[in-house]
Amino acid sequence: PELVRRSLDELLESGKFADARAEVEADGDGVRLRILVTPRRVIADVRVTGGVLAEDLLLRAIGVQVGKELTEADLERIRARLREEHAKHGFPSARATLLAIDTDDPLKVALRIDLEPGAPQRISTRKFYAWPDPEEPVLRGLLGQYQPNRGDRADEEQLEAADRKFELLLRARGFHRDTVSHALEKDAQGKLTLKVNVRADQ
C-alpha cells in the first residue's frame, strides 16, 4: 500500500494528471497493479460560435474560463450546463457541441463551443391572479404595466426581474405589503401561459 500511495503521489505531483487511482487484481500467485490516470489539461483559449446569449455571462454561468482544468467528465457537465442555461433563458431545445483541441503544449487545450439555440419559447397568454381584491381599480390599472408581454421570450431571469420591478411599482402606488411571483405552464398544444400572482395589501 505504501508503494502504491507513493506512486500515485508522484504521478499527481508531476502536474500531468488531474486524478490517479489504483486497482489491484489477483494474477496467479501474485497480483497485478493497474494505475488509472486522468490527464490534466488546462484551458488556454475559449471560443464560442452560434450563441445568442451574452458570451461573458454564459461562460461565467457554466463555469468555463481560461486557466481552469478540463477533463472528459467536465465536457459532459459543461454540455449539460449549457442546455440548462439556454432553457432558463427561453431556448429549451438548445444543443451544444464541445471540442477540446490539443495545442503545442501537451498540458493545454483550446476549447471550442458550437451552439445551436433552436427556436425560442414565447409567451402565448398572460393571466393575472390578484389578492385580496382583484377588482381594486388602481391595481387593475397597473397590471397592464407588467412586462414581459405576449410574444416575448420566456426568459426566467427577465421574468424574475419583472416580478421585482412590479413590486416596486406597487409599493410606489401605496401597496406596501406586496409580493409578486410567476409560473410558466405549457398546454398540450405547446402554448405557454404566463401566470402572474400578485398579493397587494395596502
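How many strands form the open sheet that contains β7, β9 and β8, and in what order do they stand? Three strands make up this open sheet, in the order β7-β9-β8, with mixed pairing. Here strands (E, at least two residues) and helices (H or I, at least four) are DSSP runs numbered from the N terminus, and two strands pair if DSSP finds at least two bridges between them. β7 (123-131) and β8 (177-186) sit at the edges with a single partner strand each, so one side of each has no neighbour in the sheet. On average, neighbouring strands of this sheet are turned by 15 degrees against each other, direction ignored.

A word on the basis of all this: the model is predicted, local features need pLDDT of at least 70, side-chain atom pairs count only at pLDDT 80 or more, and totals for chains, interfaces and linings use all residues. Residues are numbered from 1 along each chain as its sequence is written, and side-chain values use heavy atoms, leaving out hydrogens and water.

Back in the sheet, β8 and β9 (residues 192-201) run antiparallel and are joined by ten bridges; V180 has V198 in β9 as its bridge partner. α5 packs on this sheet, touching β8 and β9, and its direction makes about 150 degrees with that of β8. Contact means heavy atoms within 4.5 Å, while angles run from 0 to 180 degrees between N-to-C directions of axes fitted to C-alpha atoms, for helices over the stretch in contact.

There is also an open sheet of four strands, in the order β4-β3-β6-β5, again with mixed pairing. Its edges are β4 (69-70) and β5 (95-102), each with a single partner strand, so one side of each is left without a neighbour in the sheet. β3 (residues 41-49) pairs with β4 in the antiparallel sense over two bridges, and R41 stands opposite L70 in β4. α3 lies across β3, β4, β5 and β6 (108-116), running at about 150 degrees to β5.

Then there is the largest pocket, with a volume of about 200 Å³. A pocket is an open set of points on a 1 Å grid where a 1.4 Å probe fits, with protein on both sides within 12 Å along at least five of seven lines; lining residues have an atom within 4 Å of a point. The volume is the space filled by probe spheres set on the points, which are joined across faces, edges and corners. Lining this pocket are 13 residues, with L53, L57, E85, H89 and E157 nearest its centre. α2 (55-62), α3 (72-88) and α5 (156-172) each supply at least two lining residues, and α2 gives the most, with three.
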